[in-house]
Amino acid sequence: DDWEWRSRGVELSLRRIAPSALAGALAGDPGRAINPADLPLAPTRLAAFELPWDGVGSGDTPALYAAVGSDGAGWNGAALFVDQGDGQLIALGPSPRRRATLGTCLTALGRGSPHLFDRHGAVEVELAGADLVLSDANPLQIGAGANRALIGDEIVQFLNADTLGGARWRLSGLLRGRGATEGVAGSHAVGESFVLLDDGLHALDPAVVGSAANAVIVAIGLGDSEPAVAPIV
């Protein structure tokens, strides 16, 4: 009702008001719910491979990776297994929920030398989804290992990534035969796989995967009617 200064602070005179009298005045705004997009579950896409030794450690342990993704943004990860050739699935744990950048080559990458910067060669790829993107890199970033990609069995690096609309991209400014893969630089074809070698890859435990020559990696997600299966390239 009123207030007055005192030596120890402000003195307030209060009067109790019955809760029923405040019922209308206390009505609040319930706010607005921001619901996540109701996206359909999409099937899993999978690639598995061993990368060359990067110079860290002894180099005696295989560097095995799986690139796990999907065509749709509603994909939310998959369970990974290895089949060592006997039909038994051994668990490798869950994949990341982030989709790896996977795609398919629409044109065949021509021959190229690992000793020269290729200013004229290019390859067109179609990524698994239109929401997946590639980016340019400058020479300093390339020297630090940026924009590495596995095209078929060859590791390349690209300076320029130009969008062609939708999920299609044109890659140019190429360094070829990275990681001692120059032996396959002349054996490309339309329709081979494209995998961006970035931090979206999932490292596999070589002790669990084993050394069987016919081992395959298996991924099973919520949107999969059949598991995705990939040999280890």
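## The β10–β11 hairpin and its surroundings

In this predicted model, strands β10 and β11 form a hairpin with 2 residues between them, and Gly166, which sits in the turn, has a positive phi of about 65°. The two strands run antiparallel and are joined by 8 bridges, with β10 covering residues 154-165. Gly165 has Arg168 in β11 as its bridge partner.

Strand β11 also pairs with strand β8 (residues 118-127), again in the antiparallel sense, through 6 bridges. In this pairing Asp118 stands opposite Leu174 of β11. Strand β11, which spans residues 168-178, is mostly covered, since 8 of its 11 residues are buried, where buried means a relative accessible area under 20%.

The bridge partner of Ala79 in β14 is Ile220.

The model contains 9 salt bridges, counted where a side-chain nitrogen of Lys or Arg lies within 4 Å of a carboxyl oxygen of Asp or Glu. One of them joins Arg98 to Asp198, with the closest N and O atoms 3.3 Å apart. This pair links distant parts of the chain, as Arg98 belongs to the loop between β6 and β7 (102-105), while Asp198 belongs to the loop between β12 (193-196) and β13 (202-204), 100 residues apart.

Arg98 forms a salt bridge with Asp199 as well, and there the closest N and O atoms are 2.7 Å apart. Because Asp199 lies in the loop between β12 and β13 and Arg98 in the loop between β6 and β7, this pair ties together parts that are 101 residues apart in sequence. As for accessibility, Arg98 counts as partly exposed because its relative accessibility is 45%, and Asp198 counts as partly exposed at 25%, whereas Asp199 is exposed, with a relative accessible area of 65%.

## Charged residues around Glu4 and Arg6

Glu4, Arg6 and Glu11 are linked in a network of salt bridges.

## The nonpolar surface patch

Trp3, Trp5, Val10, Leu12 and Leu14 make a nonpolar surface patch of about 680 Å². Strands β1 (2-6) and β2 (9-13) each supply at least two residues of this patch. Trp3, one of the patch residues, has its place in strand β1. Trp3 counts as exposed because its relative accessibility is 56%, the cut-off for exposed residues being over 50%.

Definitions and conventions. Residues are numbered from 1 along each chain as its sequence is written. This is a predicted model: local features need pLDDT of at least 70, side-chain atom pairs count only at pLDDT 80 or more; totals for chains, interfaces and linings use all residues. Side-chain values use heavy atoms; hydrogens and water are left out. Patches are made of residues with over 30% relative accessible area and no salt bridge: like charges are joined within 9 Å, nonpolar side chains (Val, Leu, Ile, Met, Phe, Trp, Tyr) within 5 Å. Accessible areas come from the Shrake-Rupley method with a 1.4 Å probe; for residues, only the protein chains shown count as cover. Helices (H or I, at least four residues) and strands (E, at least two) are DSSP runs, numbered from the N terminus. Buried means under 20% relative accessible area, exposed over 50%, partly exposed in between (1.4 Å probe, protein chains only). Two strands pair if DSSP finds at least two bridges between them.
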